[in-house]
Amino acid sequence: MANKPLLYIGAGILFLIGLCFVGYGALNVIGSTSASGSQSWLTYGLGFGCVGALFLAGGAALIYASIRGTKTEVIQQLKIDLPADTKVEQMTCKNCGGVLKPENVKMVMGAPMVECPYCGQAIN
């Protein structure tokens with residue numbers, strides 16, 4: 001997907017062009033009702049109005065595409081400072097005695113939760 005700023009800039013350009021076409025179309029439609037105006041101006045005015053509406057729809061589609069593609073991923077890293085006399089031991093499941101790995105530890109609502117891959121026991 002393209003960069004979001006480019007999508008917003010493209011949408012702004014399409015909006016400006018669309019507004020110009022719609023405005024010129026409105027002037028043609030109003031001018032066609034004048035005594036010195038021509039009936040063919042009505043056709044041109046409606047045509048310019050339709051093209052302007054397409055440009056406006058394109059700008060809205062670009063803004064929708066930039067908003068829809070937004071995904072926020074939050075990565076949280078926890079760093080724990082252990083005292084110097086701490087001994088690291090292998091963790092085992094209290095239920096089945098299976099060896100637990102660091103991948104089995106997850107943070108759930110701010111508290112560490114260990115799930116045994118062998119028996120499925122959740123330990124907190």
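Colleague: Which residue in β4 is the bridge partner of Lys106?

Modeller: Happy to start there, keeping in mind that this is a predicted model. Strand β3 covers residues 105–108, and 4 bridges join β3 to strand β4, residues 111–115. The two strands run antiparallel. Within β4, Lys106 is bridged to Met113.

Colleague: In what order do the 3 strands of the open sheet stand?

Modeller: We have β3 joined to β4 by 4 bridges, and β4 joined to β5 by 2 bridges. The pairing is antiparallel. The order in the open sheet is β3-β4-β5.

Colleague: Why is one side of β3 and of β5 left without a neighbour in the sheet?

Modeller: Strands of a sheet pair through backbone hydrogen bonds, either parallel or antiparallel. Here β3 (105–108) and β5 (122–123) each have a single partner strand, so one side of each has no neighbour in the sheet. In short, both stand at the edges.

Colleague: Which residue in β5 stands opposite Glu115?

Modeller: Strand β4 takes in residues 111–115, and 2 bridges join β4 to β5 in an antiparallel arrangement. Strand β5 spans 122–123. Opposite Glu115 stands Ala122.

Colleague: Which residue takes a positive phi in the hairpin of β4 and β5, and near what value?

Modeller: Let me set the two hairpins side by side. The hairpin of β3 and β4 has 2 residues between the strands, and there Met109 takes a positive phi near 55°. The hairpin of β4 and β5 has 6 residues between the strands. In that hairpin the residue is Gly120, with a phi near 80°.

Colleague: Is Asn104 buried or exposed?

Modeller: Asn104 sits in the loop between β2 (99–100) and β3. Not counting residues up to four places away in sequence, Asn104 touches Met113, Val114, Glu115 and Pro117. The relative accessible area of Asn104 is 14%, and the cut-off for this class is under 20%. Asn104 is therefore buried.

Colleague: What is the relative accessible area of Met107, and which residues does Met107 touch?

Modeller: Met107 lies in strand β3. Leaving out residues up to four places away in sequence, the residues touched are Leu78 and Pro112. Met107 counts as partly exposed, with a relative accessible area of 41%.

Colleague: How many Å separate the C-alpha atoms of Met107 and Gly49?

Modeller: Met107 is part of strand β3. Along the chain, Met107 and Gly49 are 58 residues apart. Their C-alpha atoms are separated by 57 Å.

Colleague: Turning to the helices, is Ser66 buried or exposed?

Modeller: Ser66 is in helix α2, which runs over residues 40–68. Apart from neighbours within four places in sequence, Ser66 is in contact with Lys4, Leu7 and Tyr8. A polar atom of the Ser66 side chain also lies 2.8 Å from the backbone oxygen of Ile63. With 0% relative accessibility, Ser66 is buried.

Colleague: Last one: which residues make the nonpolar surface patch of about 360 Å²?

Modeller: One member is Leu6, placed in helix α1, residues 4–32. Leu6 counts as exposed at 54% relative accessibility. The patch is made by Leu6, Ile9, Ile13 and Ile17.

Definitions and conventions: Residues numbered from 1 in each chain as written. Predicted model: local features only at pLDDT ≥ 70, side-chain atom pairs only at ≥ 80, totals over all residues. Heavy atoms only, no water. Patch = residues over 30% accessible without salt bridge, like charges linked within 9 Å, V, L, I, M, F, W, Y side chains within 5 Å. Areas by Shrake-Rupley, 256 points an atom, 1.4 Å probe, with all protein chains shown as cover. Salt bridge = Lys/Arg side-chain N within 4 Å of Asp/Glu carboxyl O. Buried < 20%, exposed > 50% of the residue type's maximum accessible area, 1.4 Å probe, protein only. Pairing = 2+ DSSP bridges. Contact = heavy atoms within 4.5 Å. Polar contact = N/O pair within 3.5 Å; in protein donor to acceptor, adjacent residues only side chain to side chain.
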